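I opened this notebook to record what I looked up in one structure. The entries below are kept in the order of my reading.

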Amino acid sequence: MRSLHLFTIYIFCILILSAAYADDRDSSLSFPSEYRYTIIQPSGGAGAERIRVPEGDFLIGQPERAEDQLKNGDVKQKGKTTKNEEDPLMAEDMVLVPEGEALIGLPEGVAGSDRNPLRMVAFTAFLIDKYEVSNAQYKECVADGGCTVPSLIIDYPPTFHEEGKQWYKDLSRDDYPVVGLTWRQATGYCRWAGKRLPTASEWEKAARGTDSRTYPWGNIWDGTRANWDDDGKTDEFDKISPVGSFPQGASPYGAEDMAGNVREWVDDLVLKGGSWYSDPVSLRSGDPGHGYIVERDDDMGFRCIKDVSL
Ligand SMILES: [Ca+2]
Ligand SMILES: [Ca+2]
């Protein structure tokens, strides 16, 4: 009698399990179509992996270091850091600076070499913004609550910069570089975008490659390849220009306006590359750059980088 009772329980369990399996199998066959396009949340820095689901393969997870990039205290993060979900490493409008050594600095005896001596530096791979950060891009961060409006507008006394204060508000200038930001504001934008400011050395490699050339395009000065202080006589711009106006002045990696247009904040608290208000000496990629006398100006902008592990 006891054996019969146990057998009955066994049969009952088998029936229950079979029913559960059948339900699961049936539900897998009737996935709603939108499930196939559901974005699965990153599992947290464990590396990308592939899983199989009924309708095909999906890339999930995040590349290495992505988790670190998201750990930026309570800084508000941009909801979507890349428009290319197939390959999140190759974000739109960024160019790759591959891993490897590069000559950084200036040869002994050249102006500025005392502050930036020639040396070989090793780098890991990174992506850098192809263009200086534009007004439109920065406005997106302000609208999202991740950034504050340029300080030049709100706390700079009336001076000859009055014209520059209007550029951010002028909708026809959305594709111009944003200016008038403090280093802290530039840093905040990069964090919001899931990126960071480059170091001076990283910026320099991105600008001049590995062969210590003087300018992004080579060793010979060419006033038609960058926006500099020429009153518009050779580069056709008296003042600031839209980002990407000088593709002929691109760096070996394809980054544009690394020489001129706006000076660019780097993590070392200096501004690199010279501006529309600078002479050719300041536009040298190896120029040590200028620490700030003022914290913000109408020729001071920035761009961001992003670490990659390939
Ligand atoms: Ca100019
Ligand atoms: Ca620039």
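The entries that follow cover conventions, a metal site, the disulfides and a sheet.

**Conventions.** I note that this is a predicted model, in which local features need pLDDT of at least 70 and side-chain atom pairs count only at pLDDT 80 or more, while totals for chains, interfaces and linings use all residues. Residues are numbered from 1 along each chain as its sequence is written, chains are lettered from A and ligands numbered from 1 in the order in which they are written, and side-chain values use heavy atoms, with hydrogens and water left out.

**Calcium site.** I looked up the protein donors of the calcium ion (ligand 1) and found Asn227 (OD1), Trp228 (O), Asp230 (OD), Asp235 (OD), Asp235 (OD) and Phe237 (O), at 2.3 to 2.6 Å. Donors are N, O and S atoms within 2.8 Å of the metal (3.2 Å for Na, K and Ca); water is not among the atoms, so sites may look incomplete. In sequence, the donor residues are spaced N-W-x1-D-x4-D-x1-F. Asn227 and Phe237 are 10 residues apart, each in the loop between α7 (200–208) and β7 (263–265). Helices (H or I, at least four residues) and strands (E, at least two) are DSSP runs, numbered from the N terminus. I then checked accessibility, where buried means under 20% relative accessible area, exposed over 50% and partly exposed in between (1.4 Å probe, protein chains only). Asn227 is buried at 0%, and Phe237 is partly exposed at 23%.

**Disulfides.** I searched the whole structure and recorded two disulfides, each being a pair of cysteine sulfur atoms within 2.5 Å. Cys141 is joined to Cys147, S to S 1.9 Å. The torsion about this S-S bond is about 80 degrees, so the disulfide of Cys141 and Cys147 is right-handed. Cys141 and Cys147 are both buried.

Cys190 is joined to Cys304, S to S 2.2 Å. This link is left-handed, with -85 degrees about the S-S bond. Cys190 lies in helix α6 (residues 183–192) and Cys304 in the loop between β10 and β11 (305–307), so the pair ties together parts 114 residues apart in sequence. Cys190 is buried at 0%, and Cys304 is likewise buried at 0%.

**Sheet.** I traced an open sheet of four strands in the order β9-β8-β7-β10, with mixed pairing. Two strands pair if DSSP finds at least two bridges between them. The edge strands, β9 (290–291) and β10 (300–301), each pair on one side only. Strand β8 (residues 270–272) runs antiparallel to β9, and two bridges join them. I noted Gly291 in β9 as the bridge partner of Val270.
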